Amino acid sequence: MKQKQASWFTGYVTVEIRGDAPEQFFQECSRQGIPVWDIKKTSSDICQGNVKLTDIKAIKQVIRNSNYKLTFAKRSGYPFIIRRFRRKKELLLALAMSVLLVLILSNIIWKVEIAGVPSDIEEKVNQQLEDYGIHPGAWTFTLDSPSDIQQQLIEDVPELLWAGIQQNGTTFYLEGVEKLLVEEEENLEPRNLVATKKGVIKYMYVSKGVPAVEVNDYVQPGDLLVSGNLNEEIESNEQEEEEDSQQTLVAAQGEITATTWYEVAVTVPFETDYETLTGNRETKYYLEFGSVRIPIWGFGDPEYELKAYETEKKPLKFFNWTLPISFVEETISEKVHTNMERTKDEAIAAGIQQAKNELALELGPEAEFISEKVLQETTESGKVKLNLYMTVEEDISTPQLISENQMSR
Amino acid sequence: MLKRLNQRIRPWLIRYFALPSDVILELPRITIIGQLHVYIENHQGMEAYSDTELTLRTKQGFIRITGSDFVLKMMVSEEILLEGTIKEVSFIAG
């Protein structure tokens, strides 16, 4: 049985033997060690049987020494199928082309579906997607990853609060959530504004409430800045309910900008090392099979002294299956290594900038730097240590609920 | 003389060493699976074959298998696998 299964791959032939007692021919074959199988006697002088393709020569030898007549009735197995295919080159070509066509079509976007947003925004989103190259007929592997597109889209379409992008086969689904401008809450609870930091009041803009401090006053953290208690001027409040209670409370609103001070310590080395990209770059494209890369476009390495590599991989698809083949885009950028020695003045300037950046991160974008002063500088093992005194203008007010305030008192 | 001794020793070997009789006595071993298959080992050659009958030579005579739709599924020297509808297996003294 074993020889029979393997014979399909090596090929086998059904031979027809004519003559007197044809079964004796097969008997002779098996005696010579030629395996034969599926022997059938179709009539008294005809016998059919299968032999391996590789045994044909031996069979012919046996025939020559006898007076049987041999004809080949049927050729079966893999080598014959291949041979038959090879004769039909057009068919083979068509088969290859159709596979290629499916492969190409599987990697093209056919549909972009946008859901969850009104039609005017949908139009806008569509336009934006078109700009990114996402439209029916685009190659999927030239696109950015869905999360990148999502982020980009939210940045470029300010009306969108959130966008979910999903690539399902050849369809791009985009689900958006529109940003609804929520009106500011009307009924705020009564509150005061208090200081969060010590500082000197610079500007005051109070839209609701009674100012408790004046410009150029020095305040400590927790000091009352704007009071929400309006016992004296009742008529200025619209929402107020006239009751017997003497206190009329509102939610104080306003902006209190004060000058504040910070002491910052920074250390700056004289010598710095850093790498920058020059902007020269080359892009190469590969097809990747497992760990083997076949270049498609961009041959030869650019002659940069230092290189930064960035690779992006996109798997190819066949219908809905991901193939083990990937389309790889590799960008090689030129890198420059800079070693800079700074003078003391430059180091101090860099230190001040660094301190500003650090402080700006802490205080938020609205803080404004007024002046800075070097309090102390020491040079020590190639580094400059600075103690800086920074003057900043920022909003120092924070709301505090009145009831809570009273309780705490 | 030696041949005769040989023939007397063999049954003795089978009895006392429990050796398989087909190996020692060079008898054919015939395995029949239902009516479907007959598997014959250790035969001495095919005498006649048609789609209703198969005759094999052995040391002691012939084995004749009759039935219908006979196909020799496999044939190597001293081994034959017959497929078909088996009706009868008979031993004919040579």
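## Pairing around strand S1 of chain A

In this predicted model, strand S1 (residues 12-18) of chain A pairs with strand S4 (residues 69-76) of chain A in the antiparallel sense, over seven bridges. Within this pairing, A:Arg18 stands opposite A:Lys69 in S4(A).

S1(A) also pairs with strand S3 (residues 46-52) of chain A, again in the antiparallel sense and over seven bridges. Here A:Val15 has A:Gly49 in S3(A) as its bridge partner. Strands of a sheet pair through backbone hydrogen bonds, in either a parallel or an antiparallel manner.

## A four-stranded open sheet in chain A

Chain A contains an open sheet of four strands, arranged in the order S10-S12-S8-S20 with antiparallel pairing. Its edges are formed by strand S10 (210-211) and strand S20 (397-401) of chain A, each of which pairs on one side only.

Inside this order, strand S8 (residues 191-195) of chain A and strand S12 (residues 224-227) of chain A run antiparallel and are joined by two bridges. A:Val194 stands opposite A:Leu224 in S12(A).

## Packing of helices H6 and H7 of chain A

Two packed helices are described by the angle between their axes and the distance between the axes. For helix H6 (residues 119-132) and helix H7 (residues 146-156) of chain A, the axes come within 11 Å and cross at roughly 130 degrees. Angles of 65 to 115 degrees count as roughly perpendicular and those over 145 as roughly antiparallel; H6(A) and H7(A) are therefore oblique to each other. The crossing of H6(A) past H7(A) is right-handed.

On the H6(A) side, the contact is made by A:Val125, A:Gln128 and A:Tyr132, which meet A:Ile149, A:Gln152, A:Leu153 and A:Asp156 in H7(A). By class, the residues of this contact comprise four nonpolar, two polar and one charged.

## The surroundings of A:Ile325

A:Ile325 is located in strand S17 (residues 321-341) of chain A. Is this residue buried, exposed or partly exposed? A:Ile325 counts as partly exposed because it has 16 C-beta neighbours inside 10 Å, whereas a buried residue would need 20 or more and an exposed one 12 or fewer.

When neighbours within four places in sequence are left aside, A:Ile325 is in contact with A:Leu287, A:Glu288, A:Phe289 and A:Leu316. A:Ser291 is 34 residues away from A:Ile325 in sequence, and the C-alpha to C-alpha distance between these two residues is 9.8 Å.

## Architecture of chain B

The secondary structure of chain B consists of two helices and six strands. Along the sequence, these elements follow the pattern α-α-β-β-β-β-β-β.

Of the 94 residues in chain B, 19% are buried. Among the contacts in chain B between residues at least 6 apart in sequence, 34% join residues at least 24 apart.

## The interface between chains A and B

How many residues of each chain take part in the contact between chain A and chain B? In chain A there are 14, and they are in contact with twelve residues of chain B. Helix H2 (23-31) and strand S2 (36-43) of chain A are the elements that give two or more residues to the side of chain A that touches chain B. S2(A) gives the most, with six residues. This side of chain A has six nonpolar, three polar and five charged residues.

S2(A) also takes part in strand pairing across the two chains: with strand S5 (residues 61-76) of chain B, S2(A) pairs in the antiparallel sense over four bridges. A:Lys40 stands opposite B:Val71 in S5(B).

Methods
Residues are numbered from 1 along each chain as its sequence is written. Chains are lettered from A and ligands numbered from 1 in the order in which they are written. This is a predicted model: local features need pLDDT of at least 70, side-chain atom pairs count only at pLDDT 80 or more; totals for chains, interfaces and linings use all residues. Two residues are in contact if their C-beta atoms, placed from the backbone, lie within 7 Å. Ala, Val, Leu, Ile, Met, Phe, Trp, Tyr, Cys and Pro count as nonpolar, Asp, Glu, Lys and Arg as charged, and the others, Gly among them, as polar. Two strands pair if DSSP finds at least two bridges between them. Axes are lines fitted to C-alpha atoms, for helices over the stretch in contact, and angles run from 0 to 180 degrees between N-to-C directions. Angles under 35 degrees count as roughly parallel, over 145 as roughly antiparallel, 65 to 115 as roughly perpendicular and the rest as oblique. A crossing is left-handed if the near helix is turned anticlockwise from the far one by less than a right angle, and right-handed if clockwise.
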